[in-house]
Each structure stands twice: as structure tokens, then as C-alpha cells.
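Visitor: Could you take me through one part of this model up close? I'd like to see how the pieces of a chain meet, and then how the chains themselves meet.

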2 protein chains.
Amino acid sequence: MTTTGRRRPGRRPGSADTRGEILAAARKIFAEKGYDKATIRGIAREAGVDPALVHHYFTSKEGTFVAAMELPVNPEEVVRLLLSGPREEMGERLVRFILTIVSDAQARQPVLALMRTAMTNEQVVGMIREFMIQALLLRVAESLKIPPIRMEAAFAQMFGVVLVRYVIQLEPLASADAEELIELLAPTIQRYIDGS
Amino acid sequence: MTTTGRRRPGRRPGSADTRGEILAAARKIFAEKGYDKATIRGIAREAGVDPALVHHYFTSKEGTFVAAMELPVNPEEVVRLLLSGPREEMGERLVRFILTIVSDAQARQPVLALMRTAMTNEQVVGMIREFMIQALLLRVAESLKIPPIRMEAAFAQMFGVVLVRYVIQLEPLASADAEELIELLAPTIQRYIDGS
């Protein structure tokens, strides 16, 4: 991630350092302006690079956010995954996907860190709120043609489970086998998707 | 709550000040020892009062914890409420009860404050974990004769909803009518209770 221990190579397009500087600039801009008002142009200006370079590295504002926050998943992946099989198994696919990602300590650290900050920092909460709504929930709800509030109820269930499993660590849920949790939770998520 | 603005009446049993001193001692002891290892005797010693006085004010260790953390509900109330009507309407009763409590800004502040601290403080997390398991989840699960993990899944759903509604404030869920949320969430909780 950082260039510590290496010789700093200067601002060369394509160097690891430039990428890192763009991400640092992105974190600053997202925190200051929120997700909605941040722009790739503004991030590029802050980093002292051409906007094309930000596009080159991170494709979109959403991709820049995901990389800047070190999130283990891109919303696009979530949509692709959900649509990649029968609709009646979407609940199970989503629960399995989320539990698999957070089962990796390294992948879940940035997510938990962001959640922690969000709980205590109004600015970060605003940024996450906008990203969640614009990039994740509204897009998934639209792709699946379900009311956003049902997607949010599903998100609340899985968010709560991640907190109970990894932050509060309530037993027996904290040590439960992933398959047991999938069996328990998939019908809940499926019902929100089905709209029944 | 405090005696600010009044003349401090000294350590008289039954005075508002004694009650406050017991609660301050309780917060200290619960934080230091966790919920399981804290005792009424230890709290009384810390406050410099007779254990009988702690019992007099707060009935039990659980009651002392609820008062010390200014929680708006006692686990006993939750159990009573759940058992106070037909089993097939428990999901709705629980969702309605929780949404009603947290709809009051003053009642939800201490809960959110505790959750916030829990997210960042290992000691507080330990204390909450033990209280949740011993005083709330295991007791409810036992009363309803359902596996604790199902109670924890229900708790995760409602915890997530409270966070999404009041902390992250994702729309449309944040502004949704309570009745709409009850309709959306009650079947989820009912299913966890039914074990289907």
C-alpha cells in the first residue's frame, strides 16, 4: 500500500506512489465533500494529476471510493453476483457472498473500521450514506426491481449479523458454521427480495 | 438524574445523591470487571454503602446495569411483553415494541451511546456481550424455548434496523412509517421465533 522502505520514486504516472497519492487525495475529498459532491476532477486536482489518470486507475468515482476505503467488494460485483443465477436463490447467494468476504480478517478490517468511524463521525456517516444509497442499494434495488426499503431491510439484517458475529461476538452466533447461518438467514433475505 | 443546582445532601441512605453514587460505582465496576464478574456486593463496596441499599434501589444486578447504562428497557419487560399474547404475533409485538422505544429520541440516546462505545472499546464490548447473553438473549430464548442463535439473528435484524434508521439514516427506511416497517420486519422475527 505505502512505499515505506522503498526509495520514493517521485510523481511518475503509473508509479505505485502516484496511485497512493490519488487514494490519499480521494479520502480527503470524499471526507470533505461527501460522496455525492466529490468528483474525479476534484480528486485529480487535489492529487496534482490529470483526471484521466484517476480514470485509468479506478475507472469511476465509485471505483475510486472502493479503493480509497479499501473495501473488499465493488457494488458492481454484488449486482453481477445477484443476477448470476436463479432469482429464488438470490437470498442464499447474497448471504453466502457476504459471510465469505467477512470471514477473511483482512477483508473485513476496512469494513469494520469504516463502520466504527461512521458510528462516531457525522462527516463519515454522510459519506457512507451517500455511497450506500447511490452506488449500492438503489442500484441493486433497481436491478432486481424491488423497492429500496426492502433492500435496506436486507442490508440491516446482514449488517447486524456482521456486528453480532465480529464486533459484539455473541455466542453461539459468533462461532456458528457459515452453512448454519446461511440456512438461518437466506430465507429472510429471499423474502425481502421476493416482496412477499 | 444529578443533584446539580441543589445543595449536596451528604451520604444519607435514600437520598438522590446516594442513588447517583451507586450508579457511578456500578458503571465503574461493570466496566472494570465486565457484567458476569461484577457483583452487587462489589458495587456497594465501591459506593461505600450497604449491599441491601443497592438491592433496595435496583432489585438485581441486572436492574443495576439497566439503570447505570440508562437503558430504556429492562430485559424482564421484554420477556413479559413477548409472552403477553398469542405466539404467532410475537414477531409483530417485538418489532412494534423496539420501534416505539427508539422512536423517542431521549430513550434511544443511551442505547446509541452504548453501541457507539461498544464499536470502539473492547472493555465495553465485553460488558455488553455478557449482559446481552446472560440477561437478555438466553433468557428470552429459554422463555420461548427457541435456540439462542435464532434470538441472536432476530436481535441482529433489529439492531441493524435501528442503526440504518437512526445512525446511518438511509432513506427511505429512515423516514418510513413505523407501521410500514412493522409489516416488513415482523414476519422475519416471527420466522426466527417459529423456527421454520
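Guide: Let's start with charge: between domain 1 of chain A and domain 2 of chain A there is one salt bridge, meaning a side-chain nitrogen of Lys or Arg within 4 Å of a carboxyl oxygen of Asp or Glu. The partners are Arg139(A) and Glu62(A), whose closest N and O atoms sit 2.2 Å apart. Keep in mind that this is a predicted model, where local features need pLDDT of at least 70 and side-chain atom pairs count only at pLDDT 80 or more, while totals for chains, interfaces and linings use all residues. As for bookkeeping, residues are numbered from 1 along each chain as its sequence is written, chains are lettered from A and ligands numbered from 1 in the order in which they are written, and side-chain values use heavy atoms, with hydrogens and water left out.

On the domain 1 side of chain A, helix 1 (16-37) and helix 4 (61-68) each bring at least two of the residues that touch domain 2; helices here are DSSP runs of H or I, at least four residues, numbered from the N terminus. Helix 1 of chain A has the largest share, six residues. By class, that side splits into five nonpolar, one polar and three charged residues, where Ala, Val, Leu, Ile, Met, Phe, Trp, Tyr, Cys and Pro count as nonpolar, Asp, Glu, Lys and Arg as charged, and the others, Gly among them, as polar.

Where do the two domains lie in chain A? Domain 1 covers 16-68 and domain 2 covers 75-194, with bounds from an automatic or database domain assignment. Over C-alpha atoms, their centres are 25 Å apart. Nine residues of domain 1 of chain A are in contact with nine of domain 2, contact being heavy atoms within 4.5 Å. About 870 Å² is buried between these domains, with 63% of that from carbon and sulfur atoms; buried area is the accessible area (1.4 Å probe) that two parts lose on being put together, summed over both. Of what domain 1 of chain A buries against domain 2, Tyr35(A), Glu62(A) and Phe65(A) supply 57%, more than any other three residues. So Glu62(A) turns up in that trio as well as in the salt bridge.

Now for the chains. Chain B and chain A each put 40 residues into their contact, burying about 3,500 Å², 70% of it from carbon and sulfur atoms. Met119(B), Ile149(B) and Leu184(B) supply 21% of the area that chain B buries against chain A, more than any other three residues. Between the chains there are zero salt bridges, but 16 residue pairs are in polar contact, both at pLDDT 80 or more. On the chain B side, helix 7 (105-120), helix 8 (122-144), helix 9 (148-167) and helix 10 (178-194) each supply at least two residues. Helix 9 of chain B gives the most, with 14 residues. That side of chain B has 27 nonpolar, five polar and eight charged residues.

Definitions and conventions:
Polar contact = N/O pair within 3.5 Å; in protein donor to acceptor, adjacent residues only side chain to side chain.
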